[in-house]
Structure formats: structure tokens, C-alpha cells
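This report covers an annotated span, a surface patch and the nonpolar cores.

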Amino acid sequence: MKWPASLQGRLGLSLGLALTVLWLLAATLTAVIVRGELDEVFDSALRETAERILPLAVTDIVGREDQGVTQRLAPIREHDEFFTYLVRDGEGRILLQSHAADPAVFPPWDGRGFRQTATHRFYSDAALQDTIRITVAEPLAHRASVAREIQMGLGLPLIIVLPIALVAIILAVQFSLDPLRRFRARLEARGARDLSEVPANDLPTEIGPLAKTLNGLLARLREAFEAERSFAANAAHELRTPLAGAIAQAQRLRAETQEPATEARAAEIEATLKRLTRLSERLMQLARVEGGRLRLDRSADLRGVARIVVDDLGRATGEGRIALTLPPRAVMSDIDPDAFAILLRNLVENALRHGSENSAVEVTLMADGHLVIANDAPVVPREMLDRLTARFERANASTDGSGLGLAIVAAIANRVGSSLVLKSPRPGSASGFEASIGLPIEHPSHRKDLSHGV
């Protein structure tokens, strides 16, 4: 037999089997003891019957006028006769018998005491120097019938009480494991980035050390992640000022020099420093995304944030490079507006950087919170598409980029309970690239209910 995988099933099955086996053993032992006691009681009754009837039979036989005549006693009323008897003389002639006695089942006289055949139990006694002898018989079927009734009396409670006991065991096990189920539910309800301590005050003492070990592991992981995020954020922040100063020096060198070679070298240094500045900004964004709270207690319209980001990028890239489509109705979401701005900026910048310069980047925010950014670009192979959300992964190593933009977007999507979907070619076209994400939004009916409540 294969044991259940669940602890509740194992406890219920083991306790139920143990209870069943113990009850059966107890019932069997009780039946054996009771059967022995019954045999003693029936033997005593058999002997007392013979000892009570024999003196009466002697008196009746001695006082008869006709000796040697068999007399059968007639019943006073109809009844079941479990004890039958024969009274015989020394030569074996029947002098007296009960009305239901069958002489064929009585064995020949072989002395006083108990005898037993395949069908009956006998007790024999004698008086007047063994000239008058009595044998009382009891069918063994009678004893077996009484034993079966006793066994049924012991077994019926087992049939009734055992299922009730099993149900009680299952309920008791379920009740005992409720704290463990609540502990599991608290773990399942957590997000991927929630490493805070899991409350375990109501757990049984046997499970407590396991919960304590798990909380210790979560604490160590939390400290390690905090140290990593803190280092990335601090390093990126500390680099901003010296990088800005170095860029200014490179720009000044380009303005002051008259030598083409020196100017080209200064331009290359400036471009490298700007890439490093963008990388530090991406690292700061990633540290914030991984460590900050991205969903707030209040909702805001995402259309305004989308307009600000697109307008800012439009001024830097030129008129007509970005086509923004917004729904007429407000798109209310509890996502942090700054996080949404980081997400949208990275997606649009990625499309501008890798897309065709002759086509616009299409940014569409739908009423259901679905954000789609599409651009015309060469088809990205499927194996490369699956790796683009990894850190420092770029589809084209020759392009100017940090390799962190899509990784940041994927991290934000994961933190808000969504996912980033990348497609290439874009649907309905033979080329291009499309990135989409479903943002958490407030249902319009909920907003209506809230406004009515106010």
C-alpha cells in the first residue's frame, strides 16, 4: 500500500488503521474470554439441571406400580427446550425422558461427568448405586448461537463507532494542521521580492524550528539583496557628479582645441562618459525597481504620465518620431507613476535606438491598461528574443545601449503582477518589433461605486 503524500492523509490513515486494529484485537480477545466464561456457565447449568432432576426422577421411578415402563413427560406449554434428558436403569432401558429428548443423540453410559460429541454437550450422574442414571444434553448449536449474539453485540458498536471515530480523527488532524496551512497561505500570498519575516507564532512546537530556520534564511537573503541594491544605487549616485564634471571638461577641451585629432579624441571621451552616465542612471532605476514599492494605496491617471514622457523624448529626438495614442477615458492605476514613467521611457528609448529612423515609434495605451510599443526594425531571432530581458543583453552589440532597459521593464512588470511580452516581427507585418505589458488598473465600476459612496 502506498502512503499518501500529505501529512494529513498519513496521520489520518495511520491513526485510523491503528484504532481499527486495536478495536478488532480487543473485540476478539473479549469474545474469546466471554466464550470461555459462557462455557463454564452453561456447564454449571447443565450439572445443576441434572442434580435437580435426578432426585425427583428417583422418587417418581421408585414409587411406580409398573416397573420398567418408559415415561415421557408432556410439556405444559410450547417452548424451546435447550436442555433435554434421559433417565435410564443399569441395563440402559429408558425410564424417563423429557418431551423433546431424542434417544439417538445420547451416547451409552460411560460414567459420571461431562462428555461431548460433534453436536451436543452432556452431563451424566447416577443414584441408588448407579441403578438409576441421568444424562442431560445441550445442543452445541445453542452455545454457538449465544456466542454469535455476543460477538454481534461487540461488533455492531465497531461498525457504528469506528466511522465516527475516523471522521473525528480526520477533523482533529485538520484542526491541528490549520496553523500549518495558514503559514503556507502566508508564504503563497507573498510576492517574489517580499523577503520579510513570516509570522509563525501559532505553529506547533514540532514545526516551529522549521519556520524559524526559514525566517533566518529569508533574513539573510534580504540582507544580501539590500547590500547589493544599496551598493548599486550608491555607486551610481556617487558617479553622477564626477561624470558630469568629466563631460564638461571634455566639452571644454573640444571647444578650445584647434587640432582635429584632439577634438576627435575629446568627442570620443565625451560619448563614452555619456554612455557611462546612462548606465549609472539605469543602475539607479534598477535598484529602485527591485527595492521600492511599486503599487500605491491610491490610483492615478496614467495618460498624463505618458504624455509627459513622450513629450520629453519627442523634444530630444525630433518631431514625428513618436506617435502616442491614448483612450478618451481615464486609465486609473495604483502603479507608482514614477515606475510607470521609467517603464515607458525605457521601452520608447529602446524602440528609438533599435528601430528604423524613417518610421515612427507607435505608443498605445488602451483603456484596459494594456500598453503596446511597436516600431519598424529588422526581425529579432526567437532565441535572441527570449534573452532580451536578461541584464546587459543586447540584440545588436554595435548599438549604443546599456543592455538594462528591457531588464528594468521586465522587473517592473514582475513586481506589479504582470509580464513583458516581446514579439518580432510585429503582428500583421513581416518585420518590426513589439513590446506589450498589461498594467494593473482600477475597474470603472469600482470607480463609479466609490464616487457614489462619496
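## Annotated span

An unreviewed UniProt entry annotates residues 154–177 as "transmembrane region". UniProt positions follow the numbering used here, feature names are shortened, and annotations may be inferred rather than shown by experiment. The model is predicted: local features need pLDDT of at least 70, side-chain atom pairs count only at pLDDT 80 or more, and totals for chains, interfaces and linings use all residues. Residues are numbered from 1 along each chain as its sequence is written, and side-chain values use heavy atoms, with hydrogens and water left out.

In the model, the span 154–177 is 100% helix and 0% strand. Its end C-alpha atoms lie 34 Å apart. Helices (H or I, at least four residues) and strands (E, at least two) are DSSP runs, numbered from the N terminus.

## Surface patch

M152 sits in helix α2 (residues 140–188). M152 counts as exposed because its relative accessibility is 52%; the cut-off for exposed is over 50%, with buried under 20% and partly exposed in between (1.4 Å probe, protein chains only).

M152, L156, I159, I160, V161 and I164 form a nonpolar surface patch. Together they have about 590 Å² of accessible area.

## Nonpolar cores

The largest nonpolar core has 42 residues. Such a core is a set of buried Ala, Val, Leu, Ile, Met, Phe, Trp, Tyr and Cys residues joined through side-chain atoms within 4.5 Å. F340, L344, L347, L371, I373 and L439 have the most contacts inside it. Helix α6 gives the largest share, 10 residues.

Definitions and conventions: Patch = residues over 30% accessible without salt bridge, like charges linked within 9 Å, V, L, I, M, F, W, Y side chains within 5 Å. Areas by Shrake-Rupley, 256 points an atom, 1.4 Å probe, with all protein chains shown as cover. Salt bridge = Lys/Arg side-chain N within 4 Å of Asp/Glu carboxyl O.
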